[in-house]
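Subject: Structure handover

Hello,

Here is the structure I promised to pass on. Please have a look at it first; my notes follow below.

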Amino acid sequence: MKIYFWGTGKGCKKALQNYIYGEEISGYIDNNPEQWGKSFQGKRIVSFEESMADAELIVITAMQYDAILYQIKKSGFGMEKVFCYFEAGNDEETVSRYFDGKGRKIDLLERRLEDLENIVKIRFSNIGYEIADNLENKKYQFPILHSDEEAFRRIIDEKCSLIRFGDGEFELMAGKERAPFQKYEKALSERLREVIQSRRDNLLIALANNYGSLDLYTESDKDGIRGYMTAEVRAFHASLLDYGRVYYDAYLFKCYFLSKDRDDAERRYASVKRIWQDRDVVLIEGAETRTGQGNDLLDNARSVQRILCPTQNAYGRYQDILEEAKRIPKDKLVLCVLGPAGKVLAYDLIQDGYQVVDIGQVDMEYEWYRAGAGIKVPNPTKYVSQLPPALVEEIHDKVYESQIIAVIA
């Protein structure tokens, strides 16, 4: 019987300790193309597509497996030949054929206890900020964040530009590595500090709204924010921010996944699309980002052009990108989707008279909204930074190809 384990991390090692079936593991599956062909436990690591040819059973050993299940279902592979090692709802009779029941139950309990311990820890450490925000308690200090509606109005009516700062940018400014899409560079860190502390009337600086009440977000996202916003992180943010100035919400383009009220996503996307309504747009993006390709996100723009840049570590080609960007006519709206390097690029272009909006990976959220799965699902033709590395397929789209005006590899 051909049996494949999906994953090679901590979960896989636990599953292997309790594996009792007589057949050897045929191989291991990983979505990361850099792992394909390598060896793990004496067997090859392969892609899911390669395993489909002969797999009679796939055991998902990843602890976070929703996106993997979605990928398998979309492929047409028989779900009766798949089960998740860490899913408590499995048919125990089937599982007991392959794994020691007592050992697996211990693994499930340990994982649940680790999750609960982490949740209690991060909720307890953050609760004061959440309560204080709701009560307007002056013991805690928060940045002033004005509404999304005001941000949209100023971008559309006053032709203001916007640059967003999230945890990735703050980590780089703190001198920490931020894998996978941008390695730390001292020059980039210093430029980001310059941008976030800049004062220009036509530039809106946006921060991820993580500081106080988290009532707008889903429970899982609340816990993710709580885990990140430690006392150390808050102190570092405070060292860079001016609590007397107005900021905007960097989540204004996250219209679906983060929000507890997902029924409001359509209205929010309509507000976002007003930014480029009847405008001539130039996208500066990673070569595999493909914003708006295959969907209607940019259909209301008058025209769309693209400058393609490295998907990862774009700052290494910064001067070339900046020189190319400065060839864009200044009456066009520049949309930047280039991670931390894009913040610096936007700032330099704004100083040169351009209107630039740092929209981030709004297309990624839009694709999840259109999929309607309620989870972060992989997209085989677009780079998705919030999921584990995966091979991005080539596309053949004449409209998309006609929009490309420059490529910086």
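Start with helix H11 (residues 265-273). Its buried residues are Ala265, Arg268, Tyr269, Ser271, Val272 and Lys273. Buried means under 20% relative accessible area, with a 1.4 Å probe and protein chains only. Helices are DSSP runs of H or I with at least four residues, strands are E runs of at least two, and both are numbered from the N terminus. The cover over the buried residues of H11 includes helix H6 (148-157) and helix H14 (362-371). Contact here means heavy atoms within 4.5 Å.

Two notes on the source. This is a predicted model: local features need pLDDT of at least 70, side-chain atom pairs count only at pLDDT 80 or more, and totals for chains, interfaces and linings use all residues. Residues are numbered from 1 along each chain as its sequence is written, and side-chain values use heavy atoms, with hydrogens and water left out.

Next, helix H8 (residues 186-196). Leu188, Ser189, Arg191, Leu192, Val195 and Ile196 are its buried residues. Down the axis of H8 they fall within an arc of 165°, so they line one face of the helix. The arc is taken from the directions that run from the helix axis to the C-beta atoms. Covering elements include strand E8 (161-165), helix H7 (167-173), strand E9 (203-207), helix H12 (318-325) and helix H13 (339-351).

How do H8 and H13 pack? Their axes come within 10 Å and cross at roughly 55°. Axes are lines fitted to C-alpha atoms, for helices over the stretch in contact, and angles run from 0 to 180 degrees between N-to-C directions. The two helices are therefore oblique to each other. Angles under 35 degrees count as roughly parallel, over 145 as roughly antiparallel, 65 to 115 as roughly perpendicular, and the rest as oblique. On the H8 side, Leu188, Arg191, Leu192, Glu194 and Val195 meet Pro340, Ala341, Lys343, Val344, Tyr347 and Asp348 in H13.

Now the strands. Six of them form an open sheet in the order E3-E4-E2-E1-E5-E6, with mixed pairing. Strands pair if DSSP finds at least two bridges between them. Strand E3 (39-40) and strand E6 (82-84) are the edges, each pairing on one side only. E3 pairs with strand E4 (residues 43-46) in the antiparallel sense, over two bridges. Phe40 stands opposite Lys43 in E4.

Lastly, strand E13 (residues 333-337) and E14 pair in the parallel sense over four bridges. Cys336 has Asp358 in E14 as its bridge partner.

Best wishes

Notes. Buried means under 20% relative accessible area, exposed over 50%, partly exposed in between (1.4 Å probe, protein chains only).
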